[in-house]
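Please consult the sequence and the model while reading the points below.

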Amino acid sequence: MAKRIAVITDSNSGITQEMAKEMGIFVIPMPFVIGGKTYYEDISLTQDAFYEKLKNNDDISTSQPAAGDVLAVWDKALGDYDEAVHIPMSSGLSGSCATAAMLAEEYGGRVAVVNNQRISVTLRQSVADALALAEAGKSAAEVKDILEKEKKESSIYIMVDTLKYLKRGGRVTPAAAAVATVLQIRPVLQIQGDKLDAFAKARSEKQARAIMLDAMRRDMETRFGGAEQIRIYVAHTNREEAARDFAKTAAEELGLEVTYCDPLSLSVSCHIGPGALAIACSKKIDRYL
C-alpha cells in the first residue's frame, strides 16, 4: 500500500491559507519585520497592508520562518501522513531551505526537503507537481528526487516599474537608479534558478512586455521543446488588472493558456516594489506520472 504523503510549502508559493485547505496541503507563512514588529504573510499581513507600508517607506525586512514554526507544521502533518515533502522557496533567495534540510535530519527520512530553486508561480507549480506525484504512488524521497532533477526547467522574467527598491536593497547604485529614472528606463530582470539578475532595459512598458514575451518564446522553442511541453504563468506586484491584460496577450502570442495569474511573493516584492509584471514558465513533469 502506497504511503500517504503530505505536501508542505511556504507562502512564497503564492498559495494562500484558504487555497491550501482546498488543495489539502500545508503552507508556512513567511515572517516580515516592519517597524520592529513581526507580521506573517496572509495571516497578519495582507497584500494591501504590505503595499501600504511599502508606500509609506516603512522599514521592512524579510526573515525565514522560525525553526519552531516549521517543526510545528511538520509534526501536525506527520500526525496524519506517513511522510512529508517540504518545498521552500529557492535556496539562492533565502536561508530557509538550508535550515529546513538541517531540521529534517532529526526525522529519520520521514521529511524530504526539496531544493528545486523555485519561487512564486513556479514554486506553486512544484507543489501541484508534488501532489500529482504523490497521487501516482511516489514516496517522499522519489518526489524530492524528481523535483530536484527538474529544478532548472523553469524561467521567470520581471518588468520592474521603479529602481527605488532595488537601490534601497543595494542591488543597483544610486547613480544608476537616478539615470534610469531620468531616462524612464524599465528594467527587465530574470530569475533562472537561484538568483535575481538583470536581463534587459526597455524605454517603455510596451517594449518591456515585448522583451519578456520574446524571451519566453525563445525559451519555449530552444530550452523546453515547444509549447506542448510547458505551462506559462503571469505574476505581478499590486497590478492585478494589468496582469490580467498581460496574461491575455501572452496567451494569444504564445498560443498557450495561462495556468496561474498570481501576485508575486511579498519577499520578492520587498526588493522590486509595486507595479511589476512578470511572465514565467516551467516544464511539465508528465513523463514521471
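A crossing of two helices is called left-handed if the near helix is turned anticlockwise from the far one by less than a right angle, and right-handed if clockwise. By that rule, helices α3 and α4 cross in a right-handed manner. The model is predicted: local features need pLDDT of at least 70 and side-chain atom pairs count only at pLDDT 80 or more, while totals for chains, interfaces and linings use all residues. Residues are numbered from 1 along each chain as its sequence is written, and side-chain values use heavy atoms, with hydrogens and water left out.

**Helices α3 and α4**
- Helices (H or I, at least four residues) and strands (E, at least two) are DSSP runs, numbered from the N terminus.
- Helix α3 (residues 67-78) packs against helix α4 (residues 96-104) at an angle of about 55°, and their axes are 11 Å apart; axes are lines fitted to C-alpha atoms, for helices over the stretch in contact, and angles run from 0 to 180 degrees between N-to-C directions.
- This makes α3 oblique to α4, since angles under 35 degrees count as roughly parallel, over 145 as roughly antiparallel, 65 to 115 as roughly perpendicular and the rest as oblique.
- Ala67, Val70, Leu71 and Trp74 of α3 meet Ala100, Leu103 and Ala104 of α4, where contact means heavy atoms within 4.5 Å.

**The six-stranded sheet**
- Six strands form an open sheet with mixed pairing, in the order β10-β9-β8-β13-β11-β12; two strands pair if DSSP finds at least two bridges between them.
- Because β10 (196-202) and β12 (258-263) are edge strands, each with a single partner, one side of each has no neighbour in the sheet.
- From one strand to the next, the twist averages 20°.
- Strand β11 (residues 230-236) runs parallel to β12, and five bridges join them.
- Helix α9 (residues 205-222) lies across β8, β9, β10, β11 and β13, running at about 170° to β8.

**Two buried residues**
- Asparagine 12, in the loop between β1 and α1, is buried with a relative accessible area of 0% (buried means under 20%, exposed over 50%, partly exposed in between, with a 1.4 Å probe and protein chains only).
- The side chains of asparagine 12 and serine 267 are joined by a polar contact of 3.0 Å, that is, a pair of N or O atoms within 3.5 Å; within protein, one must be able to donate a hydrogen and the other to accept it, and residues adjacent in sequence count only if both atoms are side-chain atoms.
- Threonine 122, in helix α5 (residues 120-135), is buried with a relative accessible area of 1%.
- The side chain of threonine 122 reaches the backbone oxygen of isoleucine 119 at 2.8 Å.
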